[in-house]
Amino acid sequence: MDIKVEDVSVSVPHKRIVDTASIYVDEGEFIGLIGPNGSGKSTLLKAVYRTMPKETGAIYLGGDSIDDLTLKESALRLAVVTQHNYYNFDFKVEEVVAMGRTPHKSSMEMDNADDYKMVLDCLNKVNMMAFKDRIFSSLSGGEQQRIILARALCQDTPCLVLDEPTNHLDIKYQLEVLDLVKSLGCTCLCALHDMNLAAQYCDRIYVLKDGKIVTSGTPEEVITERNIEDIYGVKSTVQISEETGLINVIYHPKHIYKNDKLRQKDETSE
Amino acid sequence: MKKLGNISTAGLIILLFVIAITVMILSSFIGVVEIPFDSVIRIWMNKLFGIGDISDLRQATIAIVWELYAPRAIMGLVVGASLALVGVVMQAMVQNPLADPYILGISSGASLGATFAILIGATVLTGTFMSDWGVEMFAFAGAIGTSAFVFTLSSFGGRMTATKLVLSGVIVSSICGAFSNLIVYLVPSATGIRSITFWLMGSLSVQGFDSVLTVIIPFLICLVFFLTQLRSLNAMMLGDETATTLGVDLNRLRKIYIVLTSLLIAFVVCKCGIIGFVGLIIPHIGRALVGTNHWKLVPVTVLVGAIFMLIADMVARSFTTSEIPIGIITAICGAPVFAYIMIKKSYGFGGSN
């Protein structure tokens, strides 16, 4: 199922946060959304998963405009993993994951054995089986993040929106989570901070700056020294690793300018 | 569930139900007039299920038990259950463990309406059909009016969030409280003020079966409705954003929930005055027993609320010859229990470990 975002703008009073952004995610593609803090990544994703109203434009899930879908219908097509998950009440981990079954059920229907099997299955996939009886709020940030992913998996949707899913994770789980998401083969739209991860996992990347899509394309096209400087104002070296064939971004912090050759290179490029 | 050993939730619900019924019958045994316990049981059995023969009992005994004590006992059961139900729904609705009908301003709205009707309206409305139902109607208008106002205020300038909802509730309830007090202060009527004082502190007294019915019907409507909403209530507790992504239409459901809960609260406040603490505290006791999952929590909370209210009423009636307003008892019992479960380290507003 594909996701199509056409000329979408989102505003809060006195400020346009997303300005006529267009994105398409073909069936099974893993699409990255990068950009500086406050560039509107989360807001654009919120418009897609319908927690913020869009001002203009249209968003299609599998060809149907989300305006024509009930929340329940769109919840059957699209699951979401967000960054902040703080609950005032204590739910058990397995209860949180089981909530992913919500859109599949009528309001009177209780979870059955199949649902429970699916919950355990999803907990297994994110390696959190041992935590199933723990209280969600007692887990660490990274553990919570994986539980939220398990809930999204339990929702069993063809599309997945992830808003910086690797935020609280150590490097092992960053890779594990993204590997897992990629292995699902579902249509993915994912906001990422880490340029290297974006380059390594995304089929295509969109760059958002000040609410506008400034460039897009394959990782090779988008993750360049020039673009990184334009977008973030940071100097870097972008290489293709001989061993892995993957893009590797090395940033240039100030202290490395003891290396005169590099300083000259960065200065002349300005 | 740890403390309860291996009793399953279904077992717990059945147990609580049996306790609630037992306490209800017990509560009609305690009263000013002493009536033998077996007579009380026989009257209940006969009236409820048509079992046994009570023709050998004195008419006066039957009248006292069935027309004086029984309605009050049933009222206690229903009011306790109603307050607990509204409390648990509101806490889920605003994702705030401190929410209850009072915090969202619904009770104070009902109380302002009723105060107005008693002290000012009564003189104006005498002779019209409003003189019989004036208090109820004004309380109802107050409850619906304040909840509509809270709702509008909290969704002003964008989406309604839990924080804005709670703040609006605080704003509205302080306005309503101020106006209620102003009316009481300005109107120099000693008897009016006394009846209002009694009414503001809550009471289950002088209830015939008619007024019991006016609470039972909205209670049953709400109970049946909210029993179909357990899944949505669970999702709501995860926050506005998550609930939306799980397909729960929060804005629509909140409107329905607010109308239904204020309806129920208006009837409860009309018949029994403001009885605090039940809506706040009982859901927490429920969570300490069975956790946060509403499939278990709602039935358990409703039953615990009923039991709590019946016991509080028995205490209110047995301490002194003239009864103590029940709102005082619920606050005296409720506050320490609340403090205890809050201090207890294992208790984090919800689960059991």
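This is a predicted model: local features need pLDDT of at least 70, side-chain atom pairs count only at pLDDT 80 or more; totals for chains, interfaces and linings use all residues.
**View 1. An open antiparallel sheet in chain A.** Four strands of chain A are arranged in the order β2-β1-β4-β5, and their pairing is antiparallel. Strand β1 (residues 3-12) of chain A is joined to β2(A) by 7 bridges in the antiparallel sense. Within this pair, A:V8 lies opposite A:A21 of β2(A). Strands of a sheet pair through backbone hydrogen bonds, in either a parallel or an antiparallel manner.

View 2. How many of the 8 residues of α1(A) are buried? The count is 8 of the 8, so the helix is largely enclosed by the rest of the structure. The buried residues are A:K41, A:S42, A:T43, A:L44, A:L45, A:K46, A:A47 and A:V48. After α1(A) comes A:R50, with a positive phi near 70 degrees.

**View 3. The largest nonpolar core.** This core holds 185 residues. Those that touch the most other members are A:V48, A:V97, A:A150, A:A198, B:V79, B:V89 and B:A139. Helix α3 (residues 59-93) of chain B contributes the largest share of the core, 19 residues. A:V48, one of the residues that touch the most other members, is also among the buried residues of α1(A). For A:V97, the contacts beyond four places in sequence are with A:V119, A:C122, A:L123, A:I147, A:A150, A:R151 and A:C154. In soluble globular proteins, nonpolar side chains tend to be buried together.

View 4. Chain B has 14 helices and 0 strands. Of its 353 residues, 50% are buried. Among the contacts in chain B with a separation of 6 or more, 77% join residues 24 or more positions apart. B:L77 belongs to helix α3 of chain B. Is B:L77 buried or exposed? It has 25 C-beta neighbours inside 10 Å and therefore counts as buried, the threshold being 20 or more. Apart from neighbours within four places in sequence, B:L77 is in contact with B:A20, B:M24, B:A306 and B:L310. B:I54, by comparison, is 23 residues from B:L77 in sequence and 25 Å from it in space, C-alpha to C-alpha.

**View 5. The contact between chains A and B.** Chain B supplies 28 residues to the contact and chain A supplies 24 residues. On the side of chain B that touches chain A, α9 (230-236) and α10 (240-245) of chain B each provide at least two residues. The largest share of that side, 4 residues, comes from α9(B). By class, the side of chain B that touches chain A consists of 8 nonpolar, 17 polar and 3 charged residues.

**View 6. Two loop residues of chain A with positive phi.** Where is A:D156 found? A:D156 lies in the loop between α5 (141-154) and β7 (159-163) of chain A. Its phi is near 55 degrees, a positive value in a residue other than glycine. A:D156 has 15 C-beta neighbours inside 10 Å and so counts as partly exposed. A:E164 is placed in the loop between β7 and α6 (171-184) of chain A. Phi of A:E164 is also positive, near 45 degrees, again in a residue other than glycine. With 19 other C-beta atoms within 10 Å, A:E164 is partly exposed, because burial requires 20 or more.

**View 7. The hairpin of β11 and β12 in chain A.** Strand β11 (residues 236-240) and strand β12 (residues 247-251) of chain A pair over 5 bridges in the antiparallel sense. The bridge partner of A:I240 is A:I247 in β12(A). Between the two strands of this hairpin are 6 residues. In the hairpin, A:G245 adopts a positive phi near 75 degrees.

Notes
Residues are numbered from 1 along each chain as its sequence is written. Chains are lettered from A and ligands numbered from 1 in the order in which they are written. Two strands pair if DSSP finds at least two bridges between them. A nonpolar core is a set of buried Ala, Val, Leu, Ile, Met, Phe, Trp, Tyr and Cys residues joined through C-beta atoms within 7 Å. A residue is buried if 20 or more other C-beta atoms lie within 10 Å of its own, exposed if 12 or fewer, and partly exposed in between; C-beta atoms are placed from the backbone. Two residues are in contact if their C-beta atoms, placed from the backbone, lie within 7 Å. Ala, Val, Leu, Ile, Met, Phe, Trp, Tyr, Cys and Pro count as nonpolar, Asp, Glu, Lys and Arg as charged, and the others, Gly among them, as polar.
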